[in-house]
Amino acid sequence: MNGKTDGLLLHICCAPCGAGCVKRPELVSPQRKVELFFSNSNLDTAEEFEKRLAEVRKLAEFYHLKLTVDPYDHAAWLAAVAGLENEAEGGARCRKCFEYNLARAAAAAGNGAFATTLTVSPRKSSKVLFEVGGQWENFEKIDYKKQNGYLTGRNFALEQGYYRQNYCGCEFSRRQRETQEEKKL
């Protein structure tokens, strides 16, 4: 975005979440250009990163949006959340993860506006995301959960045959999800 104020850099975590955000009225206008920013070093493997990125590329192509990819650096993300590995999903580790990803988006946005698709997930606290994003004056507090954002994205992903993951992305959330599923058996 390089300092432009007529655009929005939209941090995107995955195609299903992004699909619930990119056509929202607060984003769509002839004067506003939306650019997707895929920054997800929190993903537990490079394979998962590439799998989600492939689907985000499809979404970007479908909506004719520019996509910028932040290089995958899981070691740097692990260092950022060190000591919080045993926190439950939604806790202090997630806040640190939000800080890491939003800092990357803020740097990429420069002086331009930015937001995140993370607010569309029912498993993510928009309040916490807004607190974290509030560190930057160019962060736009858009709650994509509103107006059925999650349902819209999920349905679009199903229609398009997009990969839909069943965990946030880090190894800690995956283990927590696996433990919960084992307990159901």
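Contact is taken here to mean heavy atoms within 4.5 Å. The structure is a predicted model, in which local features need pLDDT of at least 70 and side-chain atom pairs count only at pLDDT 80 or more, whereas totals for chains, interfaces and linings use all residues. Residues are numbered from 1 along each chain as its sequence is written, and side-chain values use heavy atoms, with hydrogens and water left out.

Serine 41 is located in the loop between β2 and α2, where helices (H or I, at least four residues) and strands (E, at least two) are DSSP runs numbered from the N terminus. With a relative accessibility of 1%, serine 41 counts as buried, a term that denotes under 20% relative accessible area, with exposed denoting over 50% and partly exposed the range in between (1.4 Å probe, protein chains only). When residues up to four places away in sequence are not counted, serine 41 touches Pro71, Tyr72, Asp73, His74, Trp77, Tyr100 and Asn101.

Buried positions in α2 are Glu48, Phe49, Arg52, Leu53, Glu55, Val56, Leu59, Ala60 and Tyr63. Viewed down the axis of α2, these buried residues fall within an arc of 165° and so line one face of the helix, the arc being that of the directions from the helix axis to the C-beta atoms. Glu47 and Glu61, on the other side of α2, are exposed. The packing partners of the buried residues of α2 are β1 (7–12), α1 (15–19), β2 (33–38), β3 (66–69) and α6 (149–160).

Arginine 52, in helix α2, counts as buried at 2% relative accessibility, and, residues up to four places away in sequence not being counted, arginine 52 touches Cys13, Cys14, Phe38, Leu43, Tyr163, Gln165, Tyr167, Cys168 and Gly169. Leucine 59, also found in helix α2, is buried at 0% relative accessibility. Leaving aside neighbours within four places in sequence, leucine 59 is in contact with Ile12, Ala15, Gly18, Ala19, Phe156 and Tyr162; the C-alpha atoms of leucine 59 and glycine 18 are separated by 7.9 Å, although the two residues are 41 residues apart along the chain.

Most residues other than glycine have a negative phi. Histidine 64, which follows α2 and lies in the loop between α2 and β3, has a positive phi of about 55° although it is not a glycine, and is exposed, with a relative accessible area of 72%. Glutamine 147, placed in the loop between α5 (126–133) and α6, likewise has a positive phi of about 55° without being a glycine, and counts as exposed at 56% relative accessibility.

The axes of helix α4 (residues 92–109) and α5 come within 10 Å and cross at roughly 50°, which makes α4 oblique to α5. Axes are lines fitted to C-alpha atoms, for helices over the stretch in contact, and angles run from 0 to 180 degrees between N-to-C directions; angles under 35 degrees count as roughly parallel, over 145 as roughly antiparallel, 65 to 115 as roughly perpendicular and the rest as oblique. At this crossing, Arg95, Phe98, Glu99 and Leu102 in α4 meet Val128, Leu129, Glu131, Val132 and Gly133 in α5.
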